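Me: Can you walk me through the metal site and the charged pairs in this one? I'll ask as we go.

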Amino acid sequence: MAGAAMNGRWSVTITGEQWDALHSHLFPGDGDEHGAVLRCGIARSDRGNRLLVRDIIPAIDGTDYVAGDRGYRKLTAEFVADNIDVCADEGLAYLAVHNHGGRQKVAFSDTDMASHERGYPALLDINGGAPVGALVFASDAVAGDIWLGDGQRESITHLRVVGRPQITLTPAPVVAALADPNFDRQTRIFGDRGQAILGGSKVAVVGLGGAGSLVSEYLARLGVGELILIDPDKIDPTNLPRVVGARRRDALAWLRHPARPWFLRRLGDRFAAHKVSIAARVAKEASSAIRVTAVPSSVMEPEVAALLTDCDHIFLAADSALARRLVNSVTHQYLIPSTQIGSKVSAKDGMITDIFSVSRASSPGSGCLQCNGLIPAWKLTAEATSPEQRKRQQYIDDDAVHAPSVITLNAVAASRAVDDWLMSVGGVVELGAPADHWVSYHPLTGEVVEIEPGKEEDCFQCGPNRFALGDGKELPVVPPSGNGG
Ligand SMILES: [Zn+2]
Ligand SMILES: [Zn+2]
């Protein structure tokens, strides 16, 4: 979706849960060879094309995976036919998988390659030109041979496991370049390899208000290579106590003071800085190497939403149900982990009943914001209607009511969110940690509450309707409206 121009690089993305299942099927401890088929969605981008594992179909030894006439073992013709039919029906890529011995290095044998040459031209035909190919695994390595509809044939650069921790497998060990000595204090935790992962990461921050501005600064200082910053709003004088790096003159506070005549206030509104411009300035002051794309538009615009689809992680710090639904969809459709953060003050009869800030790190394929009741239908409806309609229907006009907010509370959520991500991509989270990490902090009682999100198997957002379909499905963006609105 993002970037029509394709580059020849291909990789595979798989969730943590899928990886555990595939790995234990291929390496049950018998030292033998086993097989499977992966049916994959496709996400094309000029950052590299990704095959998104949607279904893992293990081949049963002796039934689907049998003694070969030329090689050691082979998938039966029936097993291949059943799977390629599903791929052709659903527009998915087809990958045959087997394993060799060894740990950190793997390559196809000559027999493997010869069998691809015999079989794949016909499979490519049946699959209507969608990619077909093969992966071969060692315990901690993978190589791939991908056949494309245009007659091209590509290797894969890597396979990424987007669980906690995140793992990247390559055909042979990659030696990380020595990190910039300025990062010495953090490479003592993550190593040069961890720093290289941060430097190669592209991360989106949606919403650059109180919490998002902190997240953006943290990412820049950690050495993240590329930031996509999305927020349509301009800075307002009431944001100054919370938005990091904001200057009084960014908000044109003196022009917009209630005591000024209306035309001066309007001028101030017009020329105040966009929140994304302030965040971009802070990021570039923190890091000379960082690339920043500042997008002063709504994430609900189709071409802005498309920018999310080749990121490595998305931080959502915008308090909107539509944005929540969109990012939630991108996470499960494109297998891109995301973290929703925010803070809230609840009051009843003028008395504060609860204050909390929350960080919800979600991995693709596990329980989503929709399954857990965090994208209420009434709020989607309210946000999708015009301000006039909203007034008529007597919804609360969110734009006019500023929710209570304070920098310290935002900082707790932002720190937790970035910390969770950092530990996960830095590879220091313990293996077997839960895929999701949802945690809220309640300063009135000092409680920290961890919530294990549930999952509904048929969920419209994280279930089969959308899961791993990549470019094969529309995202829930707002369709371009006529000139009536
Ligand atoms: Zn082989
Ligand atoms: Zn769900």
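**Zinc site and salt bridges**

Reply: Along the chain, the donors of the zinc ion (ligand 2) are spaced C-x2-C-x87-C-x2-C. This is a predicted model, where local features need pLDDT of at least 70, side-chain atom pairs count only at pLDDT 80 or more, and totals for chains, interfaces and linings use all residues. Residues are numbered from 1 along each chain as its sequence is written, chains are lettered from A and ligands numbered from 1 in the order in which they are written, and side-chain values use heavy atoms, with hydrogens and water left out.

Me: Which atoms coordinate the zinc ion (ligand 2)?

Reply: Cys368 (SG), Cys371 (SG), Cys459 (SG) and Cys462 (SG), at 2.2 to 2.3 Å. Donors are N, O and S atoms within 2.8 Å of the metal (3.2 Å for Na, K and Ca).

Me: Cysteine 368 and cysteine 459, buried or exposed?

Reply: Cysteine 368 and cysteine 459 are both buried. Buried is under 20% relative accessible area, exposed over 50%, partly exposed in between (1.4 Å probe, protein chains only).

Me: Now salt bridges. How many does the structure hold?

Reply: There are 17, each a side-chain nitrogen of Lys or Arg within 4 Å of a carboxyl oxygen of Asp or Glu.

Me: What about aspartate 140 and arginine 103?

Reply: Their side chains form a salt bridge at 3.1 Å, N to O. Aspartate 140 is partly exposed at 36% relative accessible area, while arginine 103 is exposed at 54%.

Me: And which residues are linked in a network?

Reply: Salt bridges link Arg47, Arg160 and Asp312 in a network.
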